[in-house]
Amino acid sequence: MPVLDCPGGIVRHDGLGTGLVGTALQEMVFARSSGRWAEAHAAARAVTAQPLAGHPTQASLYRGVPALAYALHMADHPAYARTRAELTAETIAIVADRADAGHRRMDSGRLPRMAEYDLISGLTGLGAFLLRSDRDKALERVLHYLVRLLTEPVTVAGHQLPGWWAADGPSGTTEDGAFSAGHANLGLAHGMPGPLALLALATRAGYTVDGQEKALDAGISVLTHWAQPQAGGSTGWPGPLGLDAFLRGPTPGTEPTRPSWCYGAPGIGRALQLAALTRHDHHARQKAERAVLDSITDPRQLAQLSDATVCHGWAGLLLTCDRIAADAKTADIACQLPKLHAQLDTHRVRHQIPQDAGLLEGNAGVRLTLHAVRTPRPPALGWETCLLLN
C-alpha cells in the first residue's frame with residue numbers, strides 16, 4: 001500500500017472496501033429503499049460461497065466476519081437474522097481479543113502499529129460496527145482502549161509523543177528514512193482522526209466511558225494545532241509526519257494535499273467538527289468548517305482529484321461535505337454541494353465509473369453516494385458509519 005493511499009491492490013470476496021462485501025452492502029441499502037431483494041440475496045450468496053477471514057489478526061470492519069456482519073446489520077432483513085447473530089458473536093470475540101492485546105501493549109510501553117487502532121484494519125473500525133449494532137458492553141471495551149490511546153503518551157527517542165504514534169510507516173511496514181522512528185498520521189482512514197470521530201459519534205449516541213471527554217479534548221487540541229496555513233491562503237493538515245517533522249511543528253506555506261475523504265481536509269475536518277460539536281468547542285468547529293470550505297473552493301486542490309471513488313475521489317468528497325454541511329454553523333459549505341455534485345456527474349460522463357468491486361475504490365461506493373444524496377432514505381439506516389461520517 002503506497003503512502004497516502006487506502007487499502008488497494010487486492011480484491012477479496014470478503015472485503016468491504018475493495019471486495020464483494022462492499023457490493024453486497026450497496027445492494028442491501030438499495031433493497032431497503034426499493035423492497036426488491038433478489039440482487040441483494042445474490043450478492044450475499046457470492047460472499048458466503050467462500051470462507052470469511054475470522055482470525056483477530058486478519059479480520060476487521062473492512063475484511064472478513066465483521067465486514068459481512070456490518071452489511072447484514074445494514075440490511076436488517078429476517079432472512080439474515082441467524083447468520084447476522086452468529087457473525088456478530090464472532091465479531092465480539094474478535095474485539096475482546098484485540099482490545100485485550102491493545103491494553104497489554106500499552107501496559108508494556110510499546111508503540112502501536114497503525115493497524116491496531118485505525119478505521120480500516122483496527123479497533124476503530126470494529127467500534128464503528130458495534131456502534132451500529134447496539135452492542136454496549138463490547139463497544140465500551142473499544143472506547144476504553146481509545147481513551148487510553150488518545151490520552152496516554154509514549155516515549156520515542158527520548159521524546160514524549162501521543163499514544164497513537166505508530167511504530168510503522170504510512171505503508172504499514174517499518175520504513176527507513178523519514179519514517180524510521182514511526183509516524184503521526186492525521187488521516188481519517190488510518191490516523192488519529194478515526195478514533196476521535198468514533199468517540200464523538202459514540203458520545204452523540206449516548207455511549208460514554210470514563211475519560212472520554214478528556215480524550216476528545218486531546219484529539220481536538222492536536223487537530224487545531226496542526227491546522228496550518230497553506231500555500232494560496234487555505235488552511236489544512238499535513239500528510240504523514242516523521243519524527244523530525246512532528247517535533248518541528250506546523251510549517252506554514254506548504255502545498256495542500258488532495259481534498260479527499262481518506263487523508264484530506266474533508267475527512268479530517270469532519271472528525272474535528274464532530275468532536276467539536278460534542279464538546280461545544282466553537283473555535284474548533286469554525287476551524288474545521290473553514291478548512292473544508294477552503295479545500296472545496298480552491299481550484300488547485302480540486303484539480304488533484306482524478307477519479308470518482310469514495311476513498312480519494314469525487315464521491316467521497318461529495319458525501320463527506322454533504323454530512324459536514326448538515327451540521328455546519330453556516331450555509332457556506334451547503335452552497336458548494338451542487339457544484340461538487342456536478343463535478344462528480346461530469347467525471348462520470350467523461351470517465352467510466354470504476355468497475356472494481358467494493359465501497360472505497362469501486363462502483364458500489366459511487367452508487368451508494370449518489371443514492372444517499374439524491375433519494376430520501378430511512379434516518380436509521382446510516383450505512384456511512386463505516387466511513388465515520390454519521
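Biologist: Is the crossing of H3 and H4 left-handed or right-handed?
Modeller: This is a predicted model, where local features need pLDDT of at least 70, side-chain atom pairs count only at pLDDT 80 or more, and totals for chains, interfaces and linings use all residues. Residues are numbered from 1 along each chain as its sequence is written, and side-chain values use heavy atoms, with hydrogens and water left out. Helices are DSSP runs of H or I with at least four residues, numbered from the N terminus. A crossing is left-handed if the near helix is turned anticlockwise from the far one by less than a right angle, and right-handed if clockwise; that of H3 and H4 is left-handed.

Biologist: How many residues in the contact of H3 with H4 are charged?
Modeller: Contact means heavy atoms within 4.5 Å, and among the residues making this one are Leu-68 and Leu-72 of H3 and Arg-84 and Glu-90 of H4. Asp, Glu, Lys and Arg count as charged; Ala, Val, Leu, Ile, Met, Phe, Trp, Tyr, Cys and Pro as nonpolar; and the others, Gly among them, as polar. By class, the contact has 7 nonpolar and 4 polar residues, while the charged ones number 2.

Biologist: How many nonpolar residues are in the contact of H8 with H11?
Modeller: H8 (residues 193-204) packs against H11 (residues 265-279) at about 35°, with the axes 8 Å apart. Leu-196 and Ala-200 are among the H8 residues that take part, and Leu-274 is one of their partners in H11. Besides 2 polar and 2 charged residues, the nonpolar count here is 10.

Biologist: How do H14 and H16 lie to each other, roughly parallel or roughly perpendicular?
Modeller: H14 (residues 314-327) and H16 (residues 363-374) have axes that come within 9 Å and cross at roughly 30°. H14 passes H16 in a left-handed crossing. At that angle the two helices are therefore roughly parallel.

Biologist: Which helix gives the largest share of the lining of the second largest pocket?
Modeller: A pocket, on a 1 Å grid over the protein atoms alone, is an open set of points where a 1.4 Å probe fits, with protein on both sides within 12 Å along at least five of seven lines, and lining residues have an atom within 4 Å of a point. This one has a volume of about 220 Å³, volume being the space filled by probe spheres set on points joined across faces, edges and corners. H12 (282-297) and H15 (332-350) each supply at least two lining residues. The largest share, 6 residues, comes from H12.

Biologist: How many charged residues are in the lining of the largest cavity?
Modeller: A cavity is a set of points where the probe fits but cannot get out, and the largest holds about 40 Å³ of space. Trp-237 and Gln-301 are among its lining residues. By class, that lining has 3 nonpolar and 6 polar residues, and as for charged ones, there are none: no charged residues.

Definitions and conventions:
Axes are lines fitted to C-alpha atoms, for helices over the stretch in contact, and angles run from 0 to 180 degrees between N-to-C directions. Angles under 35 degrees count as roughly parallel, over 145 as roughly antiparallel, 65 to 115 as roughly perpendicular and the rest as oblique.
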